[in-house]
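Subject: Structure for your files

Hello,

The structure is pasted below, and my notes follow it. Please read them with the model open.

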Amino acid sequence: MGINYVGNYLEQKASQYLKTLGIHKPSDINIEQICALENLDYRLGNASSYIVVNEYRLITINKHKSSKQQNFEFLHELSHNHFEHHIYLTQCSDFEQEACHFSLYLAIPIHMFQFINFESDNLIQEVSDMFNIPEEIAYQRLQNIFDNYNYYDIFFTHKKNIRSDRRSYYGN
């Protein structure tokens, strides 16, 4: 099913950023590959963070998290790098919010919607597996997409909507 979703400014920016890196399909969202392209160092540690010292840039990811959570935390720290948040230390709370939104859009960028079967009965799990992100993040991003796209009329003509998926997913 094709969809005609434009996305907001940050969604478009995230998609364009990944395309400029040559990332066109979900399997291309790879930590090592992105670090090489962005000249970033990457390590596993006890916490996730983005550190800049002079020209050296390091992303550490919490080694105690699942691989899906590590992948998403990497995208969050990559967002800080992309926006060069280290330069402007006085606006940290705004930067965290910006990085949170941008990392969602990097996790499931609009130029990869073609790989998603939005009519699937297992949509959240399939998207989680395809993009290697936690189910909670997949749910959050899908809810964001559907909220922005009047999904009641377009996506689920004969299927349950994401809200009923959420109830079954969370056992409510």
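**Helix 2 and its surroundings**

In helix 2 (residues 31-38), the buried residues are I31, I34, C35 and E38. Seen down the helix axis, these buried residues fall within an arc of 100°, so they line one face of helix 2; the arc is taken from the directions from the helix axis to the C-beta atoms. E32 and A36 are exposed on the other side of helix 2. Buried here means under 20% relative accessible area, exposed means over 50%, and partly exposed is in between (1.4 Å probe, protein chains only). Helices (H or I, at least four residues) and strands (E, at least two) are DSSP runs, numbered from the N terminus.

The buried residues of helix 2 pack against helix 1 (9-20), strand 1 (41-45), strand 3 (56-62) and helix 3 (67-82), where contact means heavy atoms within 4.5 Å. The N-terminal end of helix 2 is capped by N30, which has a side-chain oxygen 3.0 Å from the backbone nitrogen of E32. Just after helix 2 comes N39, with a positive phi of about 55°.

**Basis of the notes**

This is a predicted model, in which local features need pLDDT of at least 70 and side-chain atom pairs count only at pLDDT 80 or more, while totals for chains, interfaces and linings use all residues. Residues are numbered from 1 along each chain as its sequence is written, and side-chain values use heavy atoms, with hydrogens and water left out.

**Overall**

The protein has eight helices and three strands, running α-α-β-β-β-α-α-α-α-α-α from the N terminus on. Of its 172 residues, 47% are buried. Among contacts with a separation of 6 or more, 54% are between residues 24 or more positions apart. The accessible surface comes to about 9,100 Å², and carbon and sulfur atoms hold 48% of that. Areas come from the Shrake-Rupley method with a 1.4 Å probe; for residues, only the protein chains shown count as cover.

**Positive phi outside glycine**

N39 sits in the loop between helix 2 and strand 1 and is exposed, at 62% relative accessible area. N54 also has a phi near 55°, a positive value in a residue other than glycine. N54 is in the loop between strand 2 and strand 3, and at 72% relative accessibility it is exposed.

I29 belongs to the loop between helix 1 and helix 2 and is buried, with 9% relative accessibility. Neighbours within four places in sequence aside, the contacts of I29 are I23, I34, N71, L75, L106, A107, P109, M112 and F131.

S128 is in helix 5 (residues 123-131), buried at 0% relative accessible area. Its side chain reaches the backbone oxygen of I133 at 2.5 Å. This is a polar contact, that is, a pair of N or O atoms within 3.5 Å; within protein, one must be able to donate a hydrogen and the other to accept it, and residues adjacent in sequence count only if both atoms are side-chain atoms. With neighbours within four places left aside, S128 touches K68, I133, P134, E135 and A138.

**Salt bridges**

There are five salt bridges in the structure, each a side-chain nitrogen of Lys or Arg within 4 Å of a carboxyl oxygen of Asp or Glu. One of them joins D129 and K68 (2.5 Å, N to O). This pair links distant parts of the chain, with D129 in helix 5 and K68 in helix 3, 61 residues apart. D129 is partly exposed, at 45% relative accessibility.

K65 and E73 also form a salt bridge (3.2 Å, N to O); K65 is partly exposed at 36%, whereas E73 is buried at 13%. R43 pairs with D41, the closest N and O atoms being 2.9 Å apart, and R43 is partly exposed at 44%.

**Surface patch**

I51, V53 and Y56 make a nonpolar surface patch of about 260 Å². Patches are made of residues with over 30% relative accessible area and no salt bridge, like charges being joined within 9 Å and nonpolar side chains (Val, Leu, Ile, Met, Phe, Trp, Tyr) within 5 Å. V53 is in strand 2 (residues 49-53) and is partly exposed, at 49% relative accessible area.

Regards
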